[in-house]
Amino acid sequence: MCISLSLCPSLTSGSQPFASSHPLLSYRSTTSKNSPFLIRSRLSMDSTIPEVAYDYSPFLRIYKDGHVERLRGTDIVPSGLDPKTNVLSKDAVYSPELNLSSRLYRPHNTNPDKKLPVLVYYHGGGFCIENPFNFRYHDHLNNLVAVSNVIAISVDYRLAPEHPLPIAYDDSWTALKWVASHVNGDGPEEWLNSQADFGRVFLAGDSAGANLAHQVAMRYGQEKLSGIDLTGVILVHPYFWGKEPIGTEGENLESKSRIDAIWNFVCPTSSGLDDPLINPLVDPRLDSLGGDRLLVIIGGKDFLRERGWHYYEWLSKGGWEGAAEIMEGKDDEHVFHLNDPTCENAVALLKRIASFINKDEA
């Protein structure tokens, strides 16, 4: 997710909100149960300056004319050969109707006759910021593919608030169906036709992307996809939540109220914080989660830690027939590995994911 200031104090943006001393502007600032940060009514002497309705700096602003200004995660870096990791990438459209693309990755010097596991990856960003083509996620996928020796598909999906949930869930499922269209070797993308091992498919994501991966796995458990064997699901710092605080969440109710509001913002038609889309533990179908294995990675200093831990415990002790594993970085904050990918704990996180994916190869 990585949108709550309380969760991500180290994240900054090059774009800063207008200062309150700006000669043309004055503010009326109020808080709202529907707004994680500030509602700022910008009164201008110049009618050409757009008025801000909601200010979620340093992440995004929503203007009264309806347009959204994203303040981070909007950069795009080109695909191609990464000299640091020797991983090759390229972009491919998975939904021409919606003009949605994914970025594909594979090791460059790989045996063309060797089939590789398939990793479908969903980026985080609170369902409303980030994209798979920016530097942070491009760098992360290069590193992940290099250490795991997989073909990866990093999925772009439509973002709230212009496209509120459940739209991102539908896009994420569409992307997996596009991957499955290659199982007979006649799909639109040759990398998947020739080198993908559809008997070893993994779903993964961080934060909100982990939530998406969970929901796609739930849908797979209900509907299946011909030719696809969902071997495992990897959830890094998953964005799960609920109405009542659990564990240490009760020690910081201000932070909890912010995260409460984020869900209402991105999914305005939701039944609330105990909607199974955000609180999987209330989902009566949770035992039908697709996949044979599950890896949950949590951070000891992540405000979402308790939710990830309880999710793991429920699946490992409940009626789900798969095998669940958990990894906890004691001092790790929310999606720390994206901010400091070369630190010792980030390297350990990648190695654990690679070990999980290649378990049957060991």
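Me: Which way do strands β7 and β8 run, and how many bridges join them?

Reply: Strands of a sheet pair through backbone hydrogen bonds, either parallel or antiparallel. In this predicted model, strand β7 (residues 87-95) and strand β8 (residues 100-107) run antiparallel and are joined by eight bridges. Asp91, for instance, has Arg103 in β8 as its bridge partner.

Me: What is the order of the strands in the sheet?

Reply: Nine strands form an open sheet, ordered β6-β7-β8-β10-β9-β11-β12-β13-β14, with mixed pairing. The edges are β6 (81-82) and β14 (323-329); each has a single partner strand, so one side of each lacks a neighbour in the sheet.

Me: Which helices pack on the sheet, and what do they touch?

Reply: Helix α2 (residues 167-180) packs on the sheet and touches β7, β8, β9, β10 (151-155) and β11 (196-206). The direction of α2 makes about 110 degrees with that of β7. Helix α8 (residues 344-357) also packs on the sheet, touching β9, β11, β12, β13 (293-299) and β14. Its direction makes about 170 degrees with that of β13.

Me: How many aromatic pairs does the structure hold, and what describes such a pair?

Reply: Two aromatic rings are described by the distance of their centres and the angle of their planes. The structure holds 10 aromatic pairs. In one of them, Tyr56 and Phe265 have ring centres 4.7 Å apart and planes at 40 degrees, so the pair is tilted. Tyr56 lies in strand β3 (residues 52-56) and Phe265 in helix α5 (residues 253-266), so this pair links parts of the chain 209 residues apart. Both residues are buried.

Another tilted pair is Phe127 with Tyr239, at 5.8 Å centre to centre and 45 degrees between the planes. Phe127 is in the loop between β9 (116-122) and α1 (135-148), while Tyr239 is in the loop between β12 (230-236) and α5, 112 residues apart.

Me: Are Phe127 and Tyr239 buried or exposed?

Reply: Phe127 counts as buried at 1% relative accessibility, and Tyr239 is buried at 0%. Phe127 and Tyr239 form one aromatic cluster with Tyr169 and Trp263.

Me: Which residues have the most contacts inside the largest nonpolar core?

Reply: In soluble globular proteins, nonpolar side chains tend to be buried together. Here the largest nonpolar core has 75 residues, and Tyr239 and Trp263 have the most contacts inside it. A second, separate core of 27 residues includes Met327, Cys343, Ala346 and Ile357.

Definitions and conventions: Residues numbered from 1 in each chain as written. Predicted model: local features only at pLDDT ≥ 70, side-chain atom pairs only at ≥ 80, totals over all residues. Heavy atoms only, no water. Phe/Tyr/Trp six-rings, centres within 6.5 Å; stacked < 30°, edge-to-face > 60°. Helix = DSSP H or I, 4+ residues; strand = E, 2+ residues; numbered from the N terminus. Buried < 20%, exposed > 50% of the residue type's maximum accessible area, 1.4 Å probe, protein only. Core = buried A, V, L, I, M, F, W, Y, C linked by side-chain atoms within 4.5 Å. Pairing = 2+ DSSP bridges. Contact = heavy atoms within 4.5 Å. Axes fitted to C-alpha atoms, helices over the stretch in contact; angles between N-to-C directions.
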